[in-house]
Amino acid sequence: MNKTIRRASVFALLLVLALLVRATWVQFYDGKALAEDNHNRRNAIETYSEPLGNIIVGGNAITGSARTKGGDLAYKRTYKDGKLYAPVTGYASQAYAPTQLEGIYTDLLNGTDTRLKTVMDTVTDRRADPGNVLTTIVPAVQKAGYRALGGNKGAAVAIDPATGRILAVVSTPSYDPASLTDANSAGSAWKALNADKEKPLTNRALRQPLPPGSTFKLVVAAAALEDGLYKNVDVPTDSPDPYIMPGTVRPLPNESKSAPCRNASIRVALRYSCNNVFGHMAVELGQDKVKAMAEKFGFNDQKQDVPVRAYPSVYPSGMDKAQTALSGIGQFDVTASPLQMAMVSAAIANDGKLVSPHMVSQITDSGGDVLADLDDSAGTKEIISSTTAEQLRSAMETVVKDGTGTNALIDGVTVGGKTGTAQHGENNSKTPYAWFTSYGKSDSNGREVAVAVMVEQSDAARSEVSGNGLAAPVAKAMMQAALK
């Protein structure tokens, strides 16, 4: 063989080896990534080749699958009462990545979760029958919150304090997930929803923390009682009125100038929502102690999964004393979601113990066999002592009986609560947020529920915006539905 032919042969062999190496690399290394790529049309074709599993509320499916007409996607997702349950389900779309429970349990709902495979499925390489997601949501409580919020922009969360079960996740205005399911029409719906200034796609209950205002005073009071700064909720506090914030000439004003806020006890200060008391209290404790208590309740938690990942509620660091005073009344850079403030009330109602909040009880295979029980895996943490919790419950009940939360009173139910009106905007120029966090315990059957409500915007005049006027009636409706 001459030199030219030999070199050509070696070069050809190297090319063949390079092709083999590349094919092997794609098959065994890049294959998984290519198969899971969102732009791989085969994934969508496979996902929607059969009906999906369902999300269950109150024993009934609130999702379904419908046969499509033409195209290569045989089925599309359908929703029952889509606007009502959108903050729970999210959407499964032929065009966009799934969200909320649809996104978290994609593999279970489309049958690719390995736990669903039978021996025969493995042998035949057949996709398993899809599983189902059983939620903790109670239809009556969800509907009560949605109806009570009405045309207002806001959100509400209800939790069973003893079990951590989330009974309702409400966000308004809402949207119909069905408008995003069909690839042929999803694009125009997506543009319209994102252009809507009311932001209906935002899950305000879990994923939009805002200044909590005076509802945060419960956290400051808990820190003061646990620290021993005050022995109980009825001893006078060393609280001047007016209270000039440290390093400034600016007083921290109270909503009512006639309220008995000078040296008021925690009970009286919660009843009248005395800013001077809790601003001064936060400074006396120091931001580190307030932050430690806030974090015990769940603030600053970057991994708050229910199982949807909630945006972290924030208690800031690095403040001066004036800023610490403002943080004591739920202002400055303090933010909280309705979920977070419901967790505060739930822990207080449950003798100081917080059961991990969750809105899925079980996931099952197509035959109903349980693959995972989320109720059993819910952890419990002691946030405050039972004595402190009892003290705070007593003070919160005073707020509802004789204070700023009277609109939450329910016959036959022991109700405790705290109102909040959070200022925001440059020089507090924008309409305040109205808050109410509460718990209710039935006097007849002993059942309990914790509810937090935030009204971000309403038709009420600025002077009429209050936690008692706007948020407490929503909480009342939800508590009544939960405790029937």
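Tutor: Strands (E, at least two residues) and helices (H or I, at least four) are DSSP runs numbered from the N terminus, and two strands pair if DSSP finds at least two bridges between them. This is a predicted model, where local features need pLDDT of at least 70, side-chain atom pairs count only at pLDDT 80 or more, and totals for chains, interfaces and linings use all residues. Residues are numbered from 1 along each chain as its sequence is written, and side-chain values use heavy atoms, without hydrogens or water.

Let's start with the open sheet: its five strands, antiparallel in their pairing, follow the order β7-β6-β16-β15-β14. At the edges are β7 (166-172) and β14 (413-422), each pairing on one side only. On average, neighbouring strands are turned by 10° against each other, direction ignored (axes are lines fitted to C-alpha atoms, for helices over the stretch in contact, with angles from 0 to 180 degrees between N-to-C directions). Eight antiparallel bridges link β15 (433-442) with β16 (448-457), and F436 has V453 in β16 as its bridge partner.

Now for the helix. α7 (139-149) lies across β6 (153-159), β7 and β16, at about 25° to β7. Its buried residues (under 20% relative accessible area; exposed is over 50%, partly exposed in between, with a 1.4 Å probe and protein chains only) are V141, Q142, A144, G145 and L149. Because they cover an arc of only 165° around the axis, they sit on the same side of α7 (the arc uses directions from the axis to the C-beta atoms). Their cover includes α3 (82-89), β6, β7, β16 and α17 (467-482), contact meaning heavy atoms within 4.5 Å. Just after α7, G150 takes a positive phi of about 55°.
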